[in-house]
Structures are given as structure tokens and as C-alpha cells.
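Dear colleague,

Please find below the structure that I am handing over to you. My notes on what was found in it follow directly after.

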Amino acid sequence: MMRLISKNRWTMGLFVVLALLFVVTKIIQPDFGASGVESLARASLPFAFATAAMAVVVIAGGIDLSVASMMAVASVTAAVLMQGASDAMAIPIVILVLVIGVIMGAINGALIVITKVPDIVVTLAMLFVWEGVALLILNAPGGAAADWLEALIVGGTGLLGIPKALIVLAVCVLVVWIPLRRSRLGLSIYAIGSDENAAFRSGIAVGRTRIIAYAICGLFAAMGGLSLTMSTGIGEPIPGPYLLASVAAVVLGGVVLGGGKGGLIGPIVAVFILRLVRMDLTLMSVDPNVTTIVEGTIMVAVVMLGGVLAIRSARS
Amino acid sequence: MKRVLKTAAAAAIAAGLGAPAIAGGHADYTIGISNTVQGNGWREEMICAMKAQALASGDVGSLNIAHRNTDAAGQLEDIRNLIQAGVDAIVLNPSNTEGVNSAIREATEAGIVVVAVDQAVTEESAYVLSNDQEGYAYLGAKWLFEQLGGSGDVVYMRGAAGAGADNDRHTGFTRALEEYPDINVVHEVFTGWQQDQGKQQILDYIATGLPFDGIWTSGIDNVIVDALVESDVPLVPVVGADNAGFVGQLASVDGLVGAAVTNPGSIGGAGVTLALQILGGDIPEDRTVLVTPSLWDNTTEEGMALINAAQNPNLDPEWPVSVSIPGWTTYTMEEIIACKGPGE
């Protein structure tokens, strides 16, 4: 148990910060309760998927700037196909969108591996490509979502009133991440992020692993896009503010930007922290122009504090 | 079936919507505001109108403003946060006609009055006080095509790709275009409603040397005239919005033929007034009120009179000159420019 805690010190710290923030929220707004937690979970959903997507490629030593654009493609594809379709048809549509996500991610990864152009350049270019694709599919917000899909993330469950959105998030992330983390492929992803040459000399197919990491990123981005369609009931071709938010949550969540270190739980807890900060600032009716400054300052402060703690513990 | 009342703002009062809440100073409401475009002159004026009207009404104890650049999902989050904050009413500029319906429904079910301004929402429990965006584009485009004698090459400078208001305006523009089959759109771009982007786009097009006879803009207007003047190309007719900078140019730039179509950002203040009326028990008959745009062109005497009357050098060039809507807003010019809400 102690080993588990010390191994995941950063994530544990984030949980403590989140718990403290809940207490602060309750003090600011005494009425804060199940409905507040529920709306927090729903608001966090697209950010959490975007962050999971980003975290996987960052762990693999890369970055994907096209996350938000891929989400937009997934969202509009789902919304266009579901318009006028029956409830049952929504299942194959969801599967198709997830496959499209994997393909988009794999294209990003393949371009990086084949052309040897830096990932930041390739995915920056792909940001515009996927944005254009989303606009081609749907040039203005529109489309529809199946009612049961929308209902899937609304309200709480019988289980201690845990929000349905949180369950959906946990199931989707764990179904992909747990088997991956424990597999050879998962280890390879960490290995190429940690030291590409060492990984290559250990017999890891670096190129293939990188493409798969980007494909998983695409898969999570597609889930994020679906969650957008599920919460709004439409598809929006213009990407939302998920790119920078996902990088922020990944860093705050303890994933090292150089790659090779971190997991998905930390970044997702970080998403909840950032959303809760936003909610608290709204509850306190802080000047909206100050809000973003506060958000950015908190992020820098937390990451710096983490750095200091890491140096201290290394010394002792 | 939603009944749509098409009327001018002033006529809306005559149609029985009642006078705005008189600043009595009894009530102490908290009003939430949600807006999803930050750093755009029109939207900033809208926010300032909301603040100024809340202060002028005397019935608002505090404002809770969620004002940032985000998408429909982000606005859902903001509206739900405002519900958590326990506001009495929410005035929002919806990022989309359908995308935020679920949160609006949750708000009205919690007993919160919801007023959508500028753009409509399809959620029936909300009240809508909107500028007629389709009419806005149709009016300006039709004027431009008539100026060109029904034939010529037009540069079509739209708003933000995918935005609801841009889509409505495109519908209006297309309707006018169908009436003038000899008008060609030679160049179509999205300015993103950003001044710098729009100016760069027109400079790029001028640099191609391809001829054009007129320019329709979706409100990114004064920088287009600047670009024409700076590039020393013949001034072609330009359609813009009633932004202070452009309205100034219509009166002062030699040889410029143009028209401004009104699109008041002060509709935000009107939205606060409507919310306060409803909170005070004065429920309007119609849930939707459309504010009809009007056109001021500098080729006619009446148009010139309107343009001259609207000149206001105190305003930011990006701000619409219609800083108030008679019957709906009660603040003064100084108050909206000061941009202070209750408690500030």
C-alpha cells in the first residue's frame, strides 16, 4: 500500500487538491451537491477524452496538435449520420466513428514516421486538414444525436449517485488503457517515449509503436468528439478549446512532456481540477477577463511546486 | 409552433411588450450572463450594454458573467455553473441554435428565466430577443447588387465558418443573389469576424489584380475601406455594419459609396430588460422578438442624415454606433462606455 502511494505520489497529491477544491466549492456555495458534481462530470467529459488522447502520444514521446480538430471530425460525422437514423443505427455509427478516429490518428502517426518531419509540424498541418474535413462534412453546426446516447451521460446512477458521465468516462478509458498498459505494446509506448535508441536496440519496432500510439490518440479523440455530440445534441465543425486545455491537463497530471513517464489517471484528475476551478470562479463571479489569468497562474504554480517537491525528494 | 413577431425594436413596445422596468430600486436580482466570443468589439459592446442596463435598472444586485471563447459544450458548462451559482435569470448569446438547449431546459426547470439575445435558440422555455440575421444580409446584399446595376463581380467576406449567425446571413445573402442572376461572387472568404484577418484577406485579393465591383462584409468593414484606400485602387461600393469606424468612413472618405446595416450590440442590454420584466411578472405574449435591421446608405439624403446623426468619435471603431435601443435600454452613452455593472 505504501509502495503504491509513493509510486503514485503526484496522482495522490492531485486527488488531495481535488478534494480540497470540493470543500472550497461547498464553502462558496453551500447548496453545492449531487447536481453540481453531475454538471462538473458532464463538463469534464470532452476535456477528459482530449487529455487521454494527448497523454498517450506524450507518453510515447510525441505530441498531437490536431486533437481538437479530430474531435470535430468525429463529432460532425456522428451528428450527420445520426440525423434521421433510428436509435438502433446509432450503435454502428458510434463504432464507425471510433474506427474513423483510429484511422485519423494512424494517418498522423504514419506521416510522422514515414516523412520523418517533426511531430509538432505534421500534427500542426493536420490540425488544419482535419478542421477542413470537419467543415466539408458539415459547414455549420447541425445534425442530431440519438436520444439514448444523450441520456447516457445525463443524471446520476443508483450507485451512491455517481454521475453517469463519470461512469461512461471510466469505462471508456479503462477498456482501452488497462489492457494496453499491461501489454507488451504498452511497455513499448513507454519505452520509445523514454529513450528511442534504447527501445530500438531492445528490439522494439519504434515506427510501428509510434503509429499505434497516435492511432490510440485518434481513438480517444473520437470518443471526445462523440461526447461533444452527446452533450450538445449536434455536431460543431469548428474545433473547441480542447487542444491547449489537454496539454495543460497532461502537464498538470504528471506526464513528462519529454515522454516515457506518467499515466492517464493523473491527467484526468487534473481535468476535473481545472473544471472545478472554472466553476468556483463562476460561483464567485470573478471578472471573466481575470478568470483565465487565474487558471494559468494556478497551473504554473502547481507544476512549479511539483518540481520543487521532486528535487527535494531526490536529494533526500 | 413558435410565433415569430417580426418588428422593429421600437414597434415591439407598441406591440404590447410593455415599457422596460423603471429604475425603482426595490428588487435585488442576480443575473447570469453567458457569452462565447471574447475580444470582438460587437460582443464587448453587448457585455457592456448588459452591465450598464443592469446598473441603470436598479433591480440587479450582482452580475455573474461567464465570458470567454468557447464552443457549445463550453457554454453548456457555463450555463450549468450559473445554475449552481443560483442566479435568478440568465441572459446568453447562444453559440448555437440547438447545442445549448439541454442546459437552458435545466435552468428553466430550476425556475431561472432564460433570455437568448442576438441569435435564436430552439428551446421553447427560453425567451428570444434576436437580431434578424437573415434580413441583415439580405438587406445589405440587395442594396449592393442594385448599386452595381444588377451585374458585376462581388467579393463576399463572411463571418466565422460554422457560426449560427454566419449561416443565417449566408441564407439571406444567397436569397438576394438568386434575385440578381448577373451578379458573380468572385471571391468568398471567412474573416472569422477578426479585423486583422479580414484586412489581410482583402489585401491578398487586391494583390492578385483581379477586378471586382463591390464588397459585402459581415461587419468587418472599416479595415476593408482602409485597405482599398491604402492600396490606391478604385473605391468600390462596400456594405458593412453600423460600426463606429465604418459609419465614420461613410461620412468622411471621399468617393466612398457604401451602406451600413444596423445590428445593435446593445441588444444585450435589451435582454437584461426583458429578463427583469419577466422576473417582475410582466410576461411577454410572444417568446420570440426579432429586431429588424435597417440600412443607412450614403447615396441618399435620408441615409446620409442617419449616418451623420450616428457619428460618435467617442466609441471604439469596432463598436456598433447603436449603443442603445429605445424602449429597451435606459442607460446613458457615458454609462455604456464606462462599462460598469452593479457593484463595480
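The largest nonpolar core has 205 residues, and A:Ala50, A:Val56, A:Val67, B:Ile31, B:Val91 and B:Val115 are those with the most contacts inside it. A nonpolar core here is a set of buried Ala, Val, Leu, Ile, Met, Phe, Trp, Tyr and Cys residues joined through C-beta atoms within 7 Å. The greatest contribution to this core is that of α3(A), with 17 residues. From chain B, at least three residues come from each of domain 1 (4-131 + 264-293 + 319-338) and domain 2 (133-261). In soluble globular proteins, nonpolar side chains tend to be buried together.

The model is predicted: local features need pLDDT of at least 70, side-chain atom pairs count only at pLDDT 80 or more, and totals for chains, interfaces and linings use all residues. Residues are numbered from 1 along each chain as its sequence is written, while chains are lettered from A and ligands numbered from 1 in the order in which they are written. A residue is called buried if 20 or more other C-beta atoms lie within 10 Å of its own, exposed if 12 or fewer do, and partly exposed in between, with C-beta atoms placed from the backbone. Two residues are in contact if their C-beta atoms, placed in that way, lie within 7 Å. Helices (H or I, at least four residues) and strands (E, at least two) are DSSP runs numbered from the N terminus.

Next, the meeting of the two chains. Contacts between them involve 27 residues of chain A and 31 residues of chain B. On the side of chain A that touches chain B, at least two residues each are supplied by α3 (34-59), α11 (206-232), α13 (265-283) and α14 (288-315) of chain A. Of these, α3(A) gives the most, with 4 residues. By class, that side of chain A has 14 nonpolar, 11 polar and 2 charged residues; Ala, Val, Leu, Ile, Met, Phe, Trp, Tyr, Cys and Pro count as nonpolar, Asp, Glu, Lys and Arg as charged, and the others, Gly among them, as polar.

As for chain B as a whole, it contains 12 helices and 13 strands. Its C-alpha trace spans about 60 × 35 × 35 Å along the principal axes. The radius of gyration of chain B is 20 Å, which agrees with the value near 20 Å for a compact globule of 344 residues; the radius is taken over C-alpha atoms, and the globule rule is 2.2 Å times the number of residues to the power 0.38. Buried residues account for 60% of the 344 residues in chain B. Of the contacts in chain B with a separation of 6 or more, 76% are between residues 24 or more positions apart.

The C-alpha centres of domain 1 and domain 2 of chain B lie 29 Å apart, the domain bounds coming from an automatic or database domain assignment. Their contact takes 13 residues from domain 1 of chain B and 14 residues from domain 2 of chain B. The side of domain 1 of chain B that touches domain 2 of chain B has 5 nonpolar, 8 polar and no charged residues.

Strand β6 (residues 127-131) of chain B is mostly covered, with 5 of its 5 residues buried. B:Tyr127, B:Leu129 and B:Asn131 point one way from β6(B), and B:Val128 and B:Ser130 the other way. β6(B) pairs in the parallel sense with strand β5 (residues 113-118) of chain B over 4 bridges, pairing being assigned if DSSP finds at least two bridges between two strands. B:Tyr127 in β6(B) is the bridge partner of B:Val115. β6(B) also runs parallel to strand β12 (residues 288-291) of chain B, joined by 4 bridges, and B:Ser130 has B:Leu290 in β12(B) as its bridge partner.

Most residues other than glycine have a negative phi. A:Ser285 has a positive phi of about 40° although it is not a glycine. A:Ser285 lies in the loop between α13 and α14 of chain A and is buried, with 20 other C-beta atoms within 10 Å. B:Cys339, also not a glycine, has a positive phi of about 60°. B:Cys339 is in the segment after α12 (333-338) of chain B and counts as partly exposed because 15 other C-beta atoms lie within 10 Å.

With kind regards
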